[in-house]
Every structure is written in C-alpha cells, then in structure tokens.
Amino acid sequence: MLIRRRAEIASSEITDEQVYLNRRQFIRGAAGAAVGVATGGFALGGGGVALAEGQDAIPNVTPGPFGTDETQNSFDDVTSYNNYYEFGLDKRDPSRNAHTLTTEPWTIKVDGEVAKPAGYHLEDLLEGVTLEERVYRLRCVEAWSMVVPWVGFPLSTLINRFEPTGGARFVEFTTVMRPSEMPGVRRPVLDWPYVEGLRMDEAMHPLTILVVGLYGKTLLNQNGAPIRLMMPWKYGFKSAKSIVRMRFTREQPRTAWNKSAPQEYGFYANVNPTVNHPRWSQASERRIGRFFRQDTSMFNGYGDQVASLYDGMDLRRFY
Ligand SMILES: Nc1nc2c(c(=O)[nH]1)N[C@H]1C(S)=C(S)[C@@H](COP(=O)(O)O)O[C@H]1N2
Ligand SMILES: [Mo]
C-alpha cells in the first residue's frame, strides 16, 4: 500500500520527516489515487470533499459489515460536539483547542503479555490494512447519541500481529498526554493520562475497530487523531482517543473513569437502558439533531453480535 515500502528503507536512513511523508503517502497511496493536499483553509480532495486543514481524503474505503442505515449525523455535528477532556470540558472545546496536538510522527508502544512487544510506527501498523467504512451508533454515557460513518479496521488485525501470550486476558489502552499541547490536563479532572481497557474477547470481537477517519477523511484531532477505538455497544467513554500504548495484561486494567467514580463508570460499561447512572436515567437518549428523545437499546442495538460475550454475567453487578 505504501508507495515506498518500509522494508526498503534502512533504519539508519529513516528520519521523522520521512515517517511523516510515509504516513501521508499511506493514506494517499491507499488506492494509488492522487489526492489534493489541504494547504491552509479548505481544499478539494479526490472525491470532491472539502478537506479541513490537516486532513487527507482516504480513497476507496470499502463498505464494512454491521452498518446501520439510520440517518447519519452531519460532519459538523461529529466534529464540533465532542468529549475530549484533555482539551476542555465544554462540548465545543475539543474543536476549538485540539489543533495544537501534534500527531505526526506517531508511535504506539505495545508491551505486556505479547511475543512481539515494540514501539511501532503508526504507518507500519497501517501497512497492508484494508480500511472499511463502519456506520455505527455512538451512545455517550451522558445520554446523547449520534450515527457516524467511521473509517477503520478490526482491532483484532493488529492484536494477532503482536502475538498475545496465553497470559493476555485484558488489553489496556493509554492515550496521549502532553500538557504543553493540551490545556485540559492542567486540571485534575481525571488521573491523567486517560486509560481504558477491554477484556481480550471484547478486543478481538469483529465489531471492535480502530478508527483512523470518518466521512472518508482522516480524523481531526477532536475525534482522536491519528487513531482511536470504537466499540459501538459500549458507552462512548470506553472508546479511547489518540492511543499511544497497548498493554496486554493478566489483571483487569484500572481505567481512568472507573478510578475517578467507580459507582458511576464501570469497567464493562455496556449500553444498558435498565441500569441507570446514579444521577440520570439511561432508559432514553437524545439523538443529536433530533427533537424527540428515543428509547435506548440494550447493547446499543448490537445485542445479536455481542450478548453472548456476557453469558452468565450479572450485567447489573458487572456494569
Ligand atoms: N482520550 C480521551 N478519549 C475519549 C474521551 C476523552 O475525554 N479523552 N472521551 C470519551 C467519550 S466520553 C466519548 S462519548 C467519546 C466521544 O467521541 P467523539 O468526540 O469522537 O464523538 O470519546 C471518548 N474518548
Ligand atoms: Mo461519553
């Protein structure tokens, strides 16, 4: 997929500049299509889409499984109504402040219970990966929801490459923490960095994806550039943004929200209309852009795919 394959470049030759260029080439070279690069303000990409500064079009994204045909939220909804507390608590703060985050070059540290621990360059992880469009419902624990056409690929694709050992029962995800670029981390809202986690079978589930884009373009920082998780049957806070580390563990990871308020934010956090948040009901939700509230669905409507993961578990106790 890369125009110039990483293996052809001696490691002594690799500079940050090349890493940067390679990632751009990866996204643009994904289908061998020439795509306009945004140069300040707006420019037109391959599909005639307007690209915001810092974005690339992702050509030839294949439609993936599990898509909903519900009305999609607008690009503007998805990129201007966000939770990314490292950039502030207001829904508009991430879109106002997150441009300060540097996302190139980007490496992900993989460690713990794996045969192949290493610091991986993002473009190496993306090499050979088929990017799919997954149109998923997103349900925030705050009881609002959206429908988003994400671009990504199954997390299992990468996990298999790292060769987890028999001791790997959970995966812990750590997200980027850079006080100089993130005004929100000056306040002790959470015990930074933001940490999330999944049980191994959840991480390997075909619905679980790593996201690198939405609406056919690379992610803007407010949505978790350059790479974030999406598990559509879980409350949105599980879907960690801007991931810098994946650690495979025997023990259940201690996650940031669970540490800060264990009664309010469980480790599993599966969408469940019958288990209320201590301070509000989860029975219904506000779909952004709609006037009337709507009923919340068990597992956010993905029960056919994921309910069996929790056979025999009391979903009130293991919230
Ligand atoms: N690092 C990090 N990841 C995060 C968050 C955050 O504050 N920091 N917020 C979470 C919450 S509460 C939600 S609902 C989703 C929102 O994703 P979106 O802004 O792309 O819609 O991101 C999740 N991932
Ligand atoms: Mo959320």
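## A guided tour of the chain

Of the 319 residues of the chain, 54% count as buried, where buried means under 20% relative accessible area, exposed means over 50% and partly exposed lies in between, with a 1.4 Å probe and protein chains only. The model is a predicted one, in which local features need pLDDT of at least 70 and side-chain atom pairs count only at pLDDT 80 or more, while totals for chains, interfaces and linings use all residues. Residues are numbered from 1 along each chain as its sequence is written, chains are lettered from A and ligands numbered from 1 in the order in which they are written, and side-chain values use heavy atoms, with hydrogens and water left out.

Begin with a cartoon view, in which you can look for eight helices and 15 strands; these are DSSP runs numbered from the N terminus, helices (H or I) having at least four residues and strands (E) at least two.

**Aromatic pairs.** A pair of aromatic rings is described by the distance of the centres and the angle of the planes. Rings of Phe, Tyr and Trp (its six-membered ring) pair if their centres lie within 6.5 Å, and planes under 30 degrees apart count as stacked, over 60 as edge-to-face and the rest as tilted. A search of the whole structure finds 16 aromatic pairs. Select Phe 75 and Tyr 215, whose ring centres are 6.1 Å apart and whose planes stand at 80°, so that this pair is edge-to-face. Because Phe 75 belongs to helix H2 (residues 75-80) and Tyr 215 to the loop between strand E10 (209-214) and strand E11 (217-218), the pair ties together parts that are 140 residues apart in sequence. Phe 75 is partly exposed, with a relative accessible area of 24%, and Tyr 215 is also partly exposed, at 28%.

Next, select Phe 267 and Tyr 268, an edge-to-face pair with 5.2 Å from centre to centre and 85° between the planes. Phe 267 is buried at 5% relative accessibility, and Tyr 268 is buried at 6%.

**Charges over rings.** Keep Phe 267 in view and show Lys 238, which lies over the face of that ring at 4.2 Å from its centre; a charge sits over a ring if NZ of Lys or CZ of Arg is within 6 Å of the ring centre and within 35 degrees of the ring normal. Then move to Tyr 302, where Arg 137 lies over the face of the ring, at 4.5 Å from the ring centre.

**A buried leucine.** Which residues does Leu 125 touch, not counting residues up to four places away in sequence? Select Leu 125 in helix H4 (residues 122-126), where this residue is buried with a relative accessible area of 2%, and show Ile 108, Tyr 120, Leu 158, Arg 161 and Phe 162, which are the residues that Leu 125 touches beyond those sequence neighbours; contact means heavy atoms within 4.5 Å.
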